[in-house]
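Hi,

Here is the structure I said I would pass on.

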Amino acid sequence: MKSERERKLKKSRKKRRISTSRLIMFGVLLIIVLLFAVSVRNVWTLRAEQKELKRENKQLTVQKAKLQKELKNVNDKNYIEKQARQQLKLIKPGETLFIIEDEQDSGNNAGSGK
């Protein structure tokens, strides 16, 4: 009788050990899966950011090319005169300035001076 009780007790202890070890293994596996999920999310975020930065870089490259082209013309007297007439509405002595606004331009470029 005592031996049978001891066997049952040993079995229950063994089951507890097995269930405890399974629980620990499940916990470790869960932590690994969570870490993997966080890493995947970080990779997706970084790729989206990289895509946005590439797009911005492309826009800035185009803008840089335009500005370099304009910089070459800065010392050209004809270019300076053209810019003074267009942007600053300057005129030569004896000239009369007429500003005619288009109906479309008056609404769209109200503050731009065009």
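Below is what I found, going from the whole chain down to single side chains.

A word on ground rules first. This is a predicted model, so local features need pLDDT of at least 70, side-chain atom pairs count only at pLDDT 80 or more, and totals for chains, interfaces and linings use all residues. Residues are numbered from 1 along each chain as its sequence is written, and side-chain values use heavy atoms, with hydrogens and water left out.

**Overall picture**

The protein chain has 3 helices and 0 strands, where helices (H or I, at least four residues) and strands (E, at least two) are DSSP runs numbered from the N terminus. Read from the N terminus, the order is α-α-α. On confidence (pLDDT is the predictor's confidence in each residue, from 0 to 100), the chain has a mean of 84, and 84% of its residues reach 70 or more. Helix 1 has the highest mean pLDDT of the elements, at 89, while helix 3 has the lowest, at 62.

Of the 114 residues in the chain, 3% are buried. Here buried means under 20% relative accessible area, exposed means over 50%, and partly exposed is in between (1.4 Å probe, protein chains only). The accessible surface comes to about 11600 Å², and carbon and sulfur atoms account for 59% of that. Those areas come from the Shrake-Rupley method with a 1.4 Å probe; for residues, only the protein chains shown count as cover.

**Helix 1**

Ile32 sits in helix 1, which covers residues 2–72. With a relative accessible area of 49%, Ile32 is partly exposed. Together with Ile24 and Val28, Ile32 makes a nonpolar surface patch of about 280 Å² accessible area. For patches, the residues must have over 30% relative accessible area and no salt bridge; like charges are joined within 9 Å, and nonpolar side chains (Val, Leu, Ile, Met, Phe, Trp, Tyr) within 5 Å.

The term means a side-chain nitrogen of Lys or Arg within 4 Å of a carboxyl oxygen of Asp or Glu.

The structure holds 4 salt bridges in total. Side chains of opposite charge can pair when their charged atoms come close. What does Glu81 form a salt bridge with? One partner is Arg85, with the closest N and O atoms 3.2 Å apart. Glu81 is partly exposed at 31%, and Arg85 is partly exposed at 30%.

Glu81 also meets Lys92 in a salt bridge, at 3.4 Å from N to O. That pair links distant parts of the chain, with Glu81 in helix 2 and Lys92 in the loop between helix 2 and helix 3 (103–108), 11 residues apart. Lys92 is partly exposed as well, at 41% relative accessibility. Glu95 joins in too: Glu81, Arg85, Lys92 and Glu95 are linked in a network of salt bridges.

Which residues of helix 2 are buried? They are Tyr79, Gln83 and Ala84. These residues cover an arc of only 135 degrees around the axis, so they lie on the same side of helix 2; the arc is that of the directions from the helix axis to the C-beta atoms. On the face turned away from that buried side, helix 2 carries the exposed residues Lys77 and Asn78.

Lys89 follows helix 2 and lies in the loop between helix 2 and helix 3. Lys89 has a positive phi of about 60 degrees although it is not a glycine. Most residues other than glycine have a negative phi. Lys89 is partly exposed, with a relative accessible area of 28%.

Cheers
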